[in-house]
Amino acid sequence: MKAIVLSAGQGSRLLPLTTSKPKCLVEFAGRSLLEWQLEALNCAGVTEVVVVTGFGADQVEAMLAERAPLGLKVRTIYNPFYKLADNLATCWLVRHEMQGPFLILNGDTLIEPAIARRLLEAPPAPITVTVDRKPHYDSDDMKVRTQGAQLTAIGKTLTDDIDGESIGFLRFSREGAMRFVEQIDRVMHTPEGVKLWYLSAINGLAQNGVNIQVASIEGLQWGEVDFHPDVARARAMTASWAARWLPQGEIKPAASG
């Protein structure tokens, strides 16, 4: 299984942490965000990772040369348009990597290995979207609407019948990959295409009746690193992972009390 990690952005909302290094290299409990992602994917059995770079690409490549997990094949693809376009255009740029089953992971999403395993073990579907659930959702959450296990809509502007939020981690079958590539190509031929998120393409597919399933990761640990308060939460979470992460990729339960 191949994973594509979208790590081209600087992370300007985290300035000054990202003044001279990309968000994916911000450290959490002794490892960069990207290192935590690679370890989780590797522990779950992913064998190949394509990291899409942009800001600070040379720094990312240097880190990977020194610290990529043993046995994991890691390649980079440089996105020269990272300042000008959003991540739908990034996906379009690497669409040649989407010829068979693959995963997409947002470059700012920390996940524990069990999340990757749960996605890989989810029932077969053209496209599977990992979702978490909580009592309330804010304007920055990528909210989802579902009918049973089928996704019917996804977007930040959803206001009613919300049934969870996407954590930015998806699985595609060969069929799903083909549908996704066709959709992002269609959208990139529109004036607004370069300014859209790739999940808007997923929403378009759902609206057109493509079978998109959701896989709940409720109860498992993850975190999006977007704003400064996220950094403190992510550092606390990864510190607990560092204390409990076993070589085979399991996270021991935290001690009660």
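Modeller: Glad to walk through this one; first, buried means under 20% relative accessible area, exposed over 50%, and partly exposed in between (1.4 Å probe, protein chains only). This is a predicted model, where local features need pLDDT of at least 70, side-chain atom pairs count only at pLDDT 80 or more, and totals for chains, interfaces and linings use all residues. Residues are numbered from 1 along each chain as its sequence is written, and side-chain values use heavy atoms, with hydrogens and water left out.

Colleague: Which residues of helix α4 are buried?

Modeller: Helices (H or I, at least four residues) and strands (E, at least two) are DSSP runs, numbered from the N terminus. Helix α4 covers residues 113–120. Its buried residues pack against elements including α1 (33–43) and β11 (165–172). They are Pro113, Ile115, Ala116, Arg117 and Leu119.

Colleague: Is aspartate 141 buried or exposed?

Modeller: Aspartate 141 sits in the loop between β8 and β9 (143–147). Its relative accessible area is 8%, so aspartate 141 is buried.

Colleague: Which side chain does the side chain of aspartate 141 join in a polar contact of 3.0 Å?

Modeller: A polar contact is a pair of N or O atoms within 3.5 Å; within protein, one must be able to donate a hydrogen and the other to accept it, and residues adjacent in sequence count only if both atoms are side-chain atoms. A side-chain polar atom of aspartate 141 also lies 2.8 Å from the backbone nitrogen of aspartate 138. The side-chain partner at 3.0 Å is lysine 134.

Technical notes. Contact = heavy atoms within 4.5 Å.
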